[in-house]
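Colleague: I would like to go through the pockets and the helix packing of this model. Can you take my questions one at a time?

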Amino acid sequence: DMDVFIILDASDSMMFGTTDKMKSEYAAIIAAAIAYASTDAGINVGFGIYADNEMTMLPEGGQVQYQKILMEVTNFDNYGGEFNLEHALNSVIGQIKENTALFIISDFIQAQGDWKSKMLVASKKFRHVMNVMVRDLRDYELPENGNMRFEDASGNEQAVVNTSKVREEFNEQALKDEEEVINKAEAAGASMLKIDTRKQFSAKFAEYFDEEGDEW
């Protein structure tokens with residue numbers, strides 16, 4: 001009688017991509033795939049999409065629920081703004097039953113709030129908490145292309161940067177930031193699965209469950 005609940009980050013930083021899909025599109029496909037697999041197996045699935053606007057659907061089963069989730073992940077009005085992970089977790093903790101597998105899909109670049117403490121509470125309450133870190137190559141590795149124009153996620157500021165000069169420092173800092181997020185999640189008792197948008201997420205999930213499936 002386990003339920004599934006999906007938290008989807010729809011913030012500005014997710015609306016970025018240098019491959020054929022932005023992170024938000026890739027994350028939406030992952031969310032839809034989890035929802036489909038859940039309903040197809042007879043498992044109730046809930047869904048929450050969080051940014052400046054937010055929407056929460058309590059767990060239900062069947063194709064009607066799956067279609068509702070598809071409508072929300074493809075609704076552009078749901079996207080844009082900041083992702084407060086502490087708030088999202090607090091909302092889910094108060095509404096969802098204990099025997100739930102919680103999936104959090106985000107790049108964790110702009111995750112706001114004291115989310116480590118809330119994730120610890122979620123890990124203690126729920127059956128499982130899995131973080132799916134969706135990253136574009138350029139989140140952690142700059143090209144050596146000389147001067148390039150960059151714009152912040154909100155679109156309010158631009159800067160011209162010589163990537164050849166800052167590339168090494170940027171790459172090192174990006175990996176440090178990534179490791180910090182992974183360490184915080186794992187210290188809170190949750191698992192972390194990093195997926196590059198250039199890769200097939202199904203293979204990463206299969207690899208994870210081959211190794212850790214007994215815990216689920």
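Colleague: Which element gives the largest share of the lining of the largest pocket?

Modeller: This is a predicted model, where local features need pLDDT of at least 70, side-chain atom pairs count only at pLDDT 80 or more, and totals for chains, interfaces and linings use all residues. Residues are numbered from 1 along each chain as its sequence is written, and side-chain values use heavy atoms, with hydrogens and water left out. Strand 8 (147-151) and helix 5 (163-187) are the elements that give two or more residues to this lining; helices (H or I, at least four residues) and strands (E, at least two) are DSSP runs, numbered from the N terminus. The largest share, eight residues, comes from helix 5.

Colleague: How many residues line the largest pocket?

Modeller: A pocket is an open set of points on a 1 Å grid over the protein atoms alone, where a 1.4 Å probe fits, with protein on both sides within 12 Å along at least five of seven lines; lining residues have an atom within 4 Å of a point. By class, the lining has 15 nonpolar, four polar and 11 charged residues (Ala, Val, Leu, Ile, Met, Phe, Trp, Tyr, Cys and Pro count as nonpolar, Asp, Glu, Lys and Arg as charged, the others, Gly among them, as polar). Phe16, Ile109, Arg138, Asp139 and Glu151 lie nearest the centre, and the lining residues number 30.

Colleague: Which helix gives the most to the lining of the second largest pocket?

Modeller: Val4, Ile34, Ala37, Ser38 and Phe103 lie nearest the centre of this pocket. Its lining divides into 14 nonpolar, one polar and no charged residues. Helix 1 (23-40), strand 5 (100-106) and helix 6 (201-212) each supply at least two. With five residues, the most comes from helix 1.

Colleague: How are helix 3 and helix 4 oriented to each other?

Modeller: Helix 3 (residues 85-95) and helix 4 (residues 115-125) have axes 8 Å apart, at an angle of about 25 degrees. Axes are lines fitted to C-alpha atoms, for helices over the stretch in contact, and angles run from 0 to 180 degrees between N-to-C directions. Angles under 35 degrees count as roughly parallel. Helix 3 and helix 4 are therefore roughly parallel.

Colleague: Which residues of helix 5 meet helix 4?

Modeller: The axes of helix 4 and helix 5 come within 8 Å and cross at roughly 35 degrees. Contact means heavy atoms within 4.5 Å. Trp115, Lys116 and Met119 in helix 4 meet, in helix 5, Val181, Lys184, Ala185 and Ala187.

How values were computed. Parallel < 35°, antiparallel > 145°, perpendicular 65-115°, else oblique.
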